[in-house]
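Please examine the structure shown below before reading on.

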Amino acid sequence: MSKVGKAIILAAGRGNQADGIAKALIRHPVTGKSILSHAIEAFAGKKIVVVAGFRAIQMMETHPEVDYVLNHDWAITNNAMSLALALALDDEPSYVVSGDIFFERGLIERLDAEPADLVLTENRENRALSAVHCKLRADGTVAATYQGPVQDMAHPEAIGLFKVSSPKILNAWKRLCTKHGNLFVGQVLPCGEDPVHAVDRAQAMFDEINTPVDYLQLIERTRK
């Protein structure tokens, strides 16, 4: 069991495929709460750092109770640069999550009891070309990650949530994110340091919103 005390929410970008809005401010069709509000509630009791960029003031107005790091280059970088900026503050063990996902506290409570270093995964058939996949070792740890068409359906998708405690991994991840700031954090996850375990999301609610189609599907699921 490894319960970490900090969470980094990567919410700097603009959702160009989602009506050009800040995706962390998208509201759930049932609760009316934003993705950012859901994430803050899910990480209750932990120190929370939000990396903001586009619509940063709106986020800070709405949630002044958490800490912020500003990615001034949000328009020309990806979330790897946002993570590099957050990790530059300290090397404290942390959850790292994309700011475009609805999830609940129950998932974090379950992951608190999982290994110290993990990536949340899912074995789904329909994946976007931008998806990041995990090549696994026989013991279930991640040997490598890659983006693009899936090479083997035994490679689960890294769906945007990580827990990292190892100082070796944190330092290597910071270095790689700084060097490759135009990539996704999952693409540069260091897998050759200490073991990183792939943990399936199972039945946990985990709804990523990248497009209007994603949001429509969320509405339809909530009606069932």
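By class, the lining of the largest pocket consists of 18 nonpolar, 18 polar and 13 charged residues. The model under discussion is predicted.

Rolling a probe the size of a water molecule over the atoms shows where empty space is left. In this model, the largest pocket has a volume of about 1500 Å³. Its lining is formed by 49 residues, of which Lys23, Asp100, Phe184, Glu208 and Asn210 are the closest to the centre of the pocket.

Which elements each supply at least two residues of this lining? They are listed in the table.

| Element | Residues |
|---|---|
| β1 | 6-11 |
| α3 | 79-87 |
| β9 | 157-164 |
| β11 | 206-208 |
| α6 | 212-223 |

The largest share of the lining, five residues, comes from β9.

Helix α3, which supplies at least two residues of the pocket lining, also packs against another helix. Two packed helices are described by the angle between their axes and the distance between the axes. The axes of α3 and α5 (residues 167-179) come within 8 Å and cross at roughly 130°. An angle from 65 to 115 degrees would count as roughly perpendicular, and one over 145 as roughly antiparallel; α3 and α5 are therefore oblique to each other. The crossing in which α3 passes α5 is left-handed.

On the side of α3, the contact is made by Ala80, Met81, Leu83, Ala84 and Leu87. The partners from α5 are Leu170, Trp173, Lys174, Cys177 and Thr178. By class, the residues of this contact comprise eight nonpolar, one polar and one charged.

A further point of interest is aspartate 214, which is placed in helix α6. Which residues does aspartate 214 touch, not counting those up to four places away in sequence? These residues are Glu208 and Ile209. Aspartate 214 and alanine 18 are 196 residues apart along the chain, and their C-alpha atoms are separated by 9.2 Å.

Notes. Residues are numbered from 1 along each chain as its sequence is written. This is a predicted model: local features need pLDDT of at least 70, side-chain atom pairs count only at pLDDT 80 or more; totals for chains, interfaces and linings use all residues. Side-chain values use heavy atoms; hydrogens and water are left out. On a 1 Å grid over the protein atoms alone, a cavity is a set of points where a 1.4 Å probe fits but cannot get out, and a pocket is an open set with protein on both sides within 12 Å along at least five of seven lines; lining residues have an atom within 4 Å of a point. Grid points are joined across faces, edges and corners, and a volume is the space filled by probe spheres set on the points. Helices (H or I, at least four residues) and strands (E, at least two) are DSSP runs, numbered from the N terminus. Ala, Val, Leu, Ile, Met, Phe, Trp, Tyr, Cys and Pro count as nonpolar, Asp, Glu, Lys and Arg as charged, and the others, Gly among them, as polar. Axes are lines fitted to C-alpha atoms, for helices over the stretch in contact, and angles run from 0 to 180 degrees between N-to-C directions. Angles under 35 degrees count as roughly parallel, over 145 as roughly antiparallel, 65 to 115 as roughly perpendicular and the rest as oblique. A crossing is left-handed if the near helix is turned anticlockwise from the far one by less than a right angle, and right-handed if clockwise. Contact means heavy atoms within 4.5 Å.
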